[in-house]
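This report is meant to be read beside the sequence and the coordinates. Please keep both in view while going through the sections below.

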Amino acid sequence: MSEFARTVVSRLRKFVGDRREVKRHKVRLAFGISIASSAQSLKGSRRTISMDGHTLDLSANGMALIVPAITLGEHHLVGENRALSVQLELPSGPVVMHVMPVRYERLEEHTSEFGYLLAVKIVGTTESDRTTYTEYVATLLERKR
């Protein structure tokens with residue numbers, strides 16, 4: 001999809017409303033995002049390249065991430081079956097999740113954010129990190145009441 005088409009879809013969503021079923025909570029949290037490289041380091045572990053960013057919003061099943069670039073090293077963040085690893089800095093400590101990009105759009109110059117909005121769905125994590133994340137999202141819901 002071209003940048004123009006992404007912009008049109010984004011504006012249309014704002015005009016007709018967002019029809020997602022899952023409630024999203026606006027919150028700004030720091031994160032690091034990475035793609036594991038197939039190159040092996042001298043000690044046998046995988047070398048990773050990462051990029052820092054922050055969240056725009058969270059839901060039980062996904063997140064909207066703000067990243068400064070849509071590429072990480074030589075890899076495009078959004079691609080067919082592109083799995084990413086996100087280390088999200090929650091107030092109680094970091095959680096690591098595997099996510100799959102759903103869509104992205106370039107942030108326009110007249111917004112307060114720069115870079116790209118990357119919408120991702122959570123596809124995997126440890127049981128303890130899932131519990132920590134779910135409990136944090138529940139506290140966001142409680143604050144709104």
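## Confidence of the model

Over residues 36–44, how many contacts beyond four places in sequence does the model have? The model has 11 such contacts for residues 36–44, a segment over which pLDDT stays under 50. This is a predicted model, and pLDDT also stays under 50 over residues 12–20, for which three contacts beyond four places in sequence are present.

For the chain as a whole, the mean pLDDT is 81, with 73% of the residues reaching 70 or more.

## Overall architecture

The chain contains two helices and nine strands, and their order along the sequence gives the pattern α-β-β-β-β-β-β-β-β-β-α. Of the contacts between residues at least 6 apart in sequence, 58% join residues that are at least 24 apart.

Buried residues account for 37% of the 145 residues in the chain. The accessible surface comes to about 9,200 Å², and carbon and sulfur atoms contribute 53% of that area.

Strands β7 and β8 run antiparallel and are joined by seven bridges, with a hairpin of two residues leading from β7 to β8. Within this pairing, L90 stands opposite G93 of β8.

Strand β8 is in turn joined to β9 by nine bridges, and these two strands likewise run antiparallel. One of the positions in this pairing is R106, whose bridge partner in β9 is Y116.

In soluble globular proteins, nonpolar side chains tend to be buried together. In this model the largest nonpolar core has 29 residues, and those with the most contacts inside it are I33, L58, M63, L77 and L88. At least two residues of this core come from each of β2 (30–40), β3, β4 (62–67), β7 (84–90), β8 (93–106), β9 (116–125) and α2 (127–144).

The surroundings of M63 can be described in more detail. Leaving out residues up to four places away in sequence, M63 touches R24, D57, L58, V86, L88, M97, V99, L118, A119, V120, I122 and Y133; L58 and L88, which are among these contacts, are also listed with M63 among the residues with the most contacts inside the core.

The side chain of H54 is joined to that of R28 by a polar contact of 3.5 Å. Beyond four places in sequence, H54 touches R28, L29, A30, F31, L65, I66 and E113. The C-alpha atoms of H54 and V67 are separated by 7.1 Å, although these two residues are 13 residues apart along the chain.

For D57, the side-chain polar contact is with the side chain of R24, at 2.9 Å. Apart from neighbours within four places in sequence, D57 is in contact with R24, H25, K26, V27, M63 and A64.

Conventions: Residues are numbered from 1 along each chain as its sequence is written. This is a predicted model: local features need pLDDT of at least 70, side-chain atom pairs count only at pLDDT 80 or more; totals for chains, interfaces and linings use all residues. Side-chain values use heavy atoms; hydrogens and water are left out. Contact means heavy atoms within 4.5 Å. A polar contact is a pair of N or O atoms within 3.5 Å; within protein, one must be able to donate a hydrogen and the other to accept it, and residues adjacent in sequence count only if both atoms are side-chain atoms. pLDDT is the predictor's confidence in each residue, from 0 to 100. A nonpolar core is a set of buried Ala, Val, Leu, Ile, Met, Phe, Trp, Tyr and Cys residues joined through side-chain atoms within 4.5 Å. Buried means under 20% relative accessible area, exposed over 50%, partly exposed in between (1.4 Å probe, protein chains only). Helices (H or I, at least four residues) and strands (E, at least two) are DSSP runs, numbered from the N terminus. Two strands pair if DSSP finds at least two bridges between them. Accessible areas come from the Shrake-Rupley method with a 1.4 Å probe; for residues, only the protein chains shown count as cover.
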